[in-house]
Amino acid sequence: MSDAALNQEKEQLLDDVRQVLSSTEDLLGAAGDEGGEKGRELRKRLSENIKLAKSRLLEAEKVVVGKAKVAAKATDNYVHENPWKSIGIAAGVGFLLGLLVSRR
């Protein structure tokens, strides 16, 4: 699996976690003050779990962003060190994409 595909999967996972957290927060808010002592204890535990999940999500985002920056820097360095090779690769990829698009 390529780095780009892996990064895309990581981003998708982070988006999914964000959506789950958002839904959980909405449900927690909708629960209100119903349920007595057990309900309050459950809401407290859910709130703690949401805070923990958010902090882990932020850490994961930092890692993904950091790796993306490293990859971008490495690509930039490669292109600056090998401009003609980079142009050749880009031309080849463009040619192949043109062939694929023109085929029906």
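The legends below describe several close-up views of a predicted model of one protein chain. Residues are numbered from 1 along each chain as its sequence is written, and side-chain values use heavy atoms, with hydrogens and water left out. Because the model is predicted, local features need pLDDT of at least 70 and side-chain atom pairs count only at pLDDT 80 or more, whereas totals for chains, interfaces and linings use all residues.

View 1. The protein chain holds three helices and zero strands, where helices (H or I, at least four residues) and strands (E, at least two) are DSSP runs numbered from the N terminus. Read from the N terminus on, the order of elements is α-α-α. Of the 104 residues in the protein chain, 9% are buried, a word that here means under 20% relative accessible area, with exposed meaning over 50% and partly exposed lying in between (1.4 Å probe, protein chains only). The chain exposes about 8,600 Å², and carbon and sulfur atoms supply 61% of that area; accessible areas come from the Shrake-Rupley method with a 1.4 Å probe, and for residues only the protein chains shown count as cover. Among contacts with a separation of 6 or more, 55% join residues 24 or more positions apart, a contact being heavy atoms within 4.5 Å.

**View 2. Helix α2 and its buried residues.** Helix α2 has 46 residues and reaches 67 Å from its first C-alpha to its last, close to the 68 Å expected at 1.5 Å a residue; the expected span is 1.5 Å times one less than the number of residues. Buried in this helix are G39, R43, I50, L57 and V64.

**View 3. The largest nonpolar core.** Six residues, namely L14, L21, L28, I50, L57 and V64, make up the largest nonpolar core, which is defined as a set of buried Ala, Val, Leu, Ile, Met, Phe, Trp, Tyr and Cys residues joined through side-chain atoms within 4.5 Å. Helices α1 (3-31) and α2 each supply at least two residues of this core. Apart from residues up to four places away in sequence, L21 touches I50, A53, K54 and L57.

View 4. L58 lies in helix α2 and counts as partly exposed because its relative accessibility is 48%. The C-alpha atoms of L58 and L14 are 9.3 Å apart in space, although 44 residues separate them in sequence. N7, placed in helix α1, is partly exposed because its relative accessible area is 23%, and its C-alpha atom is separated by 9.5 Å from that of V65, 58 residues away along the chain.

**View 5. A nonpolar patch on the surface.** Y78, V79, I89, V93, L97 and L100 form a nonpolar surface patch with about 530 Å² of accessible area together. The elements that give two or more residues to this patch are α2 (36-81) and α3 (83-102), and the largest share, four residues, comes from α3. Patches are made of residues with over 30% relative accessible area and no salt bridge, like charges being joined within 9 Å and nonpolar side chains (Val, Leu, Ile, Met, Phe, Trp, Tyr) within 5 Å; a salt bridge is a side-chain nitrogen of Lys or Arg within 4 Å of a carboxyl oxygen of Asp or Glu.

**View 6. S86 and its contacts.** S86 lies in helix α3 and is buried because its relative accessible area is 14%. Leaving aside neighbours within four places in sequence, S86 is in contact with Y78 and V79. V79, a residue of helix α2, is partly exposed because its relative accessible area is 38%.
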